Amino acid sequence: MFTNIDAPNNKVIQLTLDNVAKENWVDFVPEKETKLESISVAGGRIFTTYLQDVSSKIEILNMDGTYHSDLKLPGKGICHGVYGKKGENTAFYSFSSYLNPSTSYELNVETLEAKEYFKPAIDFNSEDYISEQVFYTSADGEKIPMFINYHKDTKLGGNAPCLLYAYGGFNISITPSFSVNDFIAAADYLKENNYTSTDKLALHGRSNGGLLMGAVMTQRPDLAAVVLPGVGVLDMLRYHKFTIGWAWAVEYGSSDEKKHFDNLMKYSPLHNIKEAKYPATLVLTGDHDDRVVPAHSFKFISELQYKQKGDKPVMVRIDVNAGHGAGKPKEKSIGEWADIWAFTFHNLNHTIK
């Protein structure tokens, strides 16, 4: 049985149906430091999929649970598991990364040799790009993984435009896909190692990531040239008063309790806007967002415009007849990203050649 009871990173236990009491559970796949995401059986082998440093790691076990080997994947990316039938020698899995679209592979379970089964035909040459994973140190000393993707001809002298994206909450990792103050440390890493510079750096996050953008720019107005807070939770003292916001109190805490109020007040973007020279800012929201109500963005941009002492534009883009983002029609998504890129490149003083 797959469980997270007394195992935040998940584990698999053995039990008998005639005696399911917890004291009789036996670990079959014990909990590890990395998160166990799935387990499957194919062709007489067991496949366990872990998320390690925001990339997939698949361990192959014998049927008694003992370790056999790791499955060799094409690189650092995401695989959602290996699937097949117990009595057959063939299994399938898919793999994707920042540079490779989701590709299906056929695996010989006995020899563990894999061959490409299906790859979408797209006009994109992954060999023209570089994707590397680095680790930087956050303010509290933790090692944080980050992926950096760029064209192979990019000159890394500190003058390349860069978009830094994060989400940063609810135990959700931003994993490789084709399509708290850790973020500040990530931006500093990129600048210190000459991937980009302050004048060429843009920051973006949506929803909880929008909260992150608001917190970052109010704490460090000098960090980047452009900030793009999307559908963000920006009023941390009243977020729980609207729609589904009450359900987030397990993540954030509630201002109704003094200990949480004191903590939320320290970083609530709306309440920490001071008179300063803020970067070019485009706040993004939808007028029908019932997840994170647009009032968050309206109050934030109003206060930001009032206290902006620099000469950079601070604006809001309100998507009409749109919500939080899920299921947004392609036409609306294209329009939104066209405005995002136009605003970003203009304020980075970058011309697309």
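Modeller: The bridge partner of Gln52 in E6 is Ser55. That pair belongs to the antiparallel pairing of strand E5 (residues 45–52) with strand E6 (residues 55–61), which runs over seven bridges. Strands here are DSSP runs of E, at least two residues long, and helices are runs of H or I, at least four, both numbered from the N terminus; two strands pair if DSSP finds at least two bridges between them.

This is a predicted model, in which local features need pLDDT of at least 70 and side-chain atom pairs need 80 or more, while totals for chains, interfaces and linings use all residues. Residues are numbered from 1 along each chain as its sequence is written, and side-chain values use heavy atoms, without hydrogens or water.

E5 and E6 sit inside an open antiparallel sheet of four strands, ordered E4-E5-E6-E7. Its edges are strand E4 (35–42) and strand E7 (67–70), each of which pairs on one side only. From one strand to the next the twist averages 25°, an angle on a scale from 0 to 180 degrees between the N-to-C directions of lines fitted to C-alpha atoms. In general, strands of a sheet pair through backbone hydrogen bonds, parallel or antiparallel.

Across the protein chain there are six helices and 18 strands. Of its 353 residues, 44% are buried (under 20% relative accessible area with a 1.4 Å probe, protein chains only; exposed is over 50%, partly exposed in between).

On charged pairs, the count is 18 salt bridges, each a side-chain nitrogen of Lys or Arg within 4 Å of a carboxyl oxygen of Asp or Glu. Glu336 and Arg206 form one of them, with the closest N and O atoms 3.5 Å apart.

Another salt bridge joins Asp262 and Lys258 at 2.7 Å, N to O. These two are four residues apart in helix H4 (residues 258–267), about one helical turn. Asp262 is partly exposed at 33%, whereas Lys258 is exposed at 62%.
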